[in-house]
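Thanks for coming, everyone. Let me put the structure up, and then I'll walk you through it.

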Amino acid sequence: MRKFNRDYNQRKALFKSLLQSLITWGKLTTTLPKAKVIKRLFDKMVSKAQDNTLSHRRQLAADLSSHPHADRLVDIIAPLFTDRKSGFTTMEKVSIRRGDAVVMATLKLVKDLPVVEAKKEETKKVTKTKKTK
């Protein structure tokens, strides 16, 4: 596995945050070497999430350090890929970054995430009352 000029804890935190972004948004734009590593890690996580056992859910929550992300992976993302064993993401080269000329890539889920409607907050109508003397 690539080191990305980081120590173990920094590398682990980097991968964790990139995986959380991919789980949340369904796509991710990063450098090509990072995208290759994240693709590999994400495929392993989705394969584990497809089993939908309590122990795998807890392992995913520990790997991601986030129960909501693990729940989203198991409950929403993994059921989309019941017909697949691997290849849950696609990677395409986007551009070359201007500052350091590194190749940028976008990592997307093969199937689009279902749109979740945000809860509409009830707006309270404020009526002005006239003060009478």
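How many helices and how many strands are there in the chain? Four helices and three strands. Keep in mind that this is a predicted model. Reading from the N terminus, the order is α-β-α-α-α-β-β.

Some overall figures. The chain has 133 residues, and 34% of them are buried. Its accessible surface is about 9900 Å². Carbon and sulfur atoms account for 51% of that surface. Now contacts. Take those between residues at least 6 apart in sequence: 58% of them join residues at least 24 apart.

Next, the largest pocket. How much space lies in it? About 300 Å³. Thirteen is the number to remember for the lining: 13 residues. Nearest the centre of the pocket are Lys 12, Phe 15, Leu 19, Leu 41 and Asp 63. Which elements give two or more residues to this lining? Three helices do: H1, residues 8-25; H2, residues 32-49; and H3, residues 54-64. H1 has the largest share, with six residues. What about the classes? Seven lining residues are nonpolar and six are charged.

Hold on to Phe 15, one of the residues nearest the pocket centre. It comes back in the aromatic pairs. The structure holds two such pairs. In one of them, Phe 15 partners Phe 4, and the geometry is edge-to-face. The ring centres are 5.9 Å apart, and the planes make an angle of 80 degrees. Where do the partners sit in the chain? Phe 4 is in the segment before H1, while Phe 15 is in helix H1 itself. That puts them 11 residues apart, and the pair links distant parts of the chain. Buried or exposed? Both Phe 4 and Phe 15 are buried.

Last stop: Met 104. You'll find it in strand E3, which covers residues 103-109. Why does Met 104 count as buried? Because its relative accessibility is 14%, and the cut-off for buried is under 20%. Now look at Leu 32. In sequence, Met 104 and Leu 32 are 72 residues apart. In space, their C-alpha atoms are 5.4 Å apart. And what does Met 104 touch, leaving out residues up to four places away in sequence? Thr 29, Thr 30 and Thr 31 are among its contacts.

Technical notes
Residues numbered from 1 in each chain as written. Predicted model: local features only at pLDDT ≥ 70, side-chain atom pairs only at ≥ 80, totals over all residues. Heavy atoms only, no water. Buried < 20%, exposed > 50% of the residue type's maximum accessible area, 1.4 Å probe, protein only. Contact = heavy atoms within 4.5 Å. Areas by Shrake-Rupley, 256 points an atom, 1.4 Å probe, with all protein chains shown as cover. 1 Å grid on protein atoms, 1.4 Å probe; cavity = no way out; pocket = protein on both sides within 12 Å on 5 of 7 lines; lining within 4 Å. Points joined across faces, edges and corners; volume = space filled by probe spheres on them. Nonpolar A, V, L, I, M, F, W, Y, C, P; charged D, E, K, R; others polar. Phe/Tyr/Trp six-rings, centres within 6.5 Å; stacked < 30°, edge-to-face > 60°.
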